[in-house]
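Here is my note on the model, point by point. Please keep the coordinates open as you read.

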Amino acid sequence: MDDSLYLIGMPGAGKTTLGLALATRLEMPFRDLDEEIVAQEKRSIPEIFAADGQDYFREVEAAVLRTLVASQPHMVLATGGGTPCFHQNMDLLLATGTPLYLAVPVPELVQRLRRSLSRRPLLTDIPDEKALTAHISETLALRQQFYDRAPLRCEGICTVEAIWRLLHTYYTTG
């Protein structure tokens with residue numbers, strides 16, 4: 001694989017977990033966009049949202065993404081869930097590598113996210129599982145048009161092996 005692999009999808013889809021494992025298997029560097037933002041801003045994502053709001057965060061996210069893509073042309077990158085949806089970021093991902101959409105079903109996302117709501121600034125005020133399910137469904141509906149632009153898609157519960165087979169097929173049949 002000669003270009004970068006960009007993992008996109010909803011929060012809880014497994015972008016970071018799978019990205020780390022795929023980077024090892026592909027013998028490529030792994031980067032996590034949220035970690036890069038935290039390092040640059042010297043504060044957590046929830047702190048950024050609380051102090052400066054989502055618009056500021058999305059501007060910083062786009063700037064960090066552009067810098068990272070320019071400085072690291074061969075990597076596995078776990079993006080944030082909303083990254084492809086703002087500031088023409090999906091165009092950049094498509095132009096500089098291969099986006100892979102982790103299309104995890106909403107019920108599975110809800111189960112995964114229930115355990116980490118306090119670390120996710122767009123989810124902290126959601127009162128219960130029913131509201132979380134509605135929020136995730138609505139957010140996915142808004143983001144789907146961006147996610148669907150990815151040339152690769154892993155459906156359901158994605159594993160490293162499933163993605164490995166998907167990559168092999170994609171790069172051998174072109």
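1. First, a term. Buried means under 20% relative accessible area, exposed means over 50%, and partly exposed lies in between (1.4 Å probe, protein chains only). By that rule E61 is buried, and R58 is buried too.

2. A word on the basis. This is a predicted model, in which local features need pLDDT of at least 70, side-chain atom pairs count only at pLDDT 80 or more, and totals for chains, interfaces and linings use all residues. Residues are numbered from 1 along each chain as its sequence is written, and side-chain values use heavy atoms, with hydrogens and water left out.

3. How many salt bridges does a search of the whole structure find? The search finds 10. A salt bridge here is a side-chain nitrogen of Lys or Arg within 4 Å of a carboxyl oxygen of Asp or Glu.

4. E61 and R58 form a salt bridge, with the closest N and O atoms 3.1 Å apart. Both residues lie in helix α3 (residues 45-71), 3 residues apart, about one turn of the helix. Helices (H or I, at least four residues) and strands (E, at least two) are DSSP runs, numbered from the N terminus.

5. Helix α5 (residues 106-113) holds E108 and R112, 4 residues apart, about one turn of the helix. Their side chains meet in a salt bridge at 2.9 Å, N to O. E108 is partly exposed, at 27% relative accessible area.

6. E155 and R153 also meet in a salt bridge, at 2.2 Å, N to O. E155 is exposed, with a relative accessible area of 52%. R153 is partly exposed, at 35%. Elsewhere, salt bridges that share partners join E41, R43 and D52 into one network.

7. Now the sheet. It is open, with 5 strands in the order β2-β3-β1-β4-β5 and parallel pairing. Two strands pair if DSSP finds at least two bridges between them. The edge strands, β2 (30-32) and β5 (152-155), each pair on one side only. From one strand to the next, the twist averages 20 degrees. Axes are lines fitted to C-alpha atoms, for helices over the stretch in contact, and angles run from 0 to 180 degrees between N-to-C directions.

8. Strand β4 (residues 97-103) pairs with β5 in the parallel sense over 4 bridges. L102 stands opposite C154 in β5. Helix α7 (residues 160-173) packs on the sheet and touches β1, β4 and β5. Contact means heavy atoms within 4.5 Å. The direction of α7 makes about 150 degrees with that of β5.
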